[in-house]
Amino acid sequence: MAADLIDELSILVAPIADGGVGTPALFDVEGKRARARHLKRVSVEKRAGELLWLRYRPKR
């Protein structure tokens, strides 16, 4: 994301919560704070097992 090399972001969301300390986040940045990236939703699709498939493109 920081290098602006991603043209689409595809995320599957499962109905599971894990908030443990030290658990990796979707986007972890080490060192300096990275700037926020704005995304535009391309699609949302319901999948089997209560999964959601989210697709985004970076706003440029």
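**Salt bridges and a surface patch**

Arg57 is partly exposed, its relative accessible area being 41%. In this predicted model, the side chain of Arg57 meets that of Glu8 in a salt bridge, with 3.4 Å between N and O. This pair links distant parts of the chain, since Arg57 belongs to strand β3 and Glu8 to the segment before β1, 49 residues apart.

Glu8 has a further partner in Arg55, and their side chains form a salt bridge of 2.8 Å, N to O. Arg55 lies in strand β3 (residues 51-58) and Glu8 in the segment before β1, so this contact ties together parts that are 47 residues apart in sequence. Arg55 is partly exposed, at a relative accessible area of 21%, and Glu8 is likewise partly exposed, at 27%.

By the rule applied here, the structure has three salt bridges. One of them joins Glu45 to Arg47, whose closest N and O atoms are 2.6 Å apart. Salt bridges that share partners unite Glu8, Arg55 and Arg57 in one network. Glu45 counts as partly exposed at 33% relative accessibility, and Arg47 is partly exposed with a relative accessible area of 42%.

The surface also carries a nonpolar patch, formed by Val13, Val44 and Leu52, with about 210 Å² of accessible area together. Of these residues, Val13 lies in strand β1 (residues 9-13) and is partly exposed, with a relative accessible area of 35%.

Arg37 is located in the loop between β1 and β2 (39-47). At 27% relative accessibility, Arg37 is partly exposed. Although Arg37 and Glu50 are 13 residues apart in sequence, their C-alpha atoms are 27 Å apart in space.

Key:
Residues numbered from 1 in each chain as written. Predicted model: local features only at pLDDT ≥ 70, side-chain atom pairs only at ≥ 80, totals over all residues. Heavy atoms only, no water. Patch = residues over 30% accessible without salt bridge, like charges linked within 9 Å, V, L, I, M, F, W, Y side chains within 5 Å. Areas by Shrake-Rupley, 256 points an atom, 1.4 Å probe, with all protein chains shown as cover. Salt bridge = Lys/Arg side-chain N within 4 Å of Asp/Glu carboxyl O. Helix = DSSP H or I, 4+ residues; strand = E, 2+ residues; numbered from the N terminus. Buried < 20%, exposed > 50% of the residue type's maximum accessible area, 1.4 Å probe, protein only.
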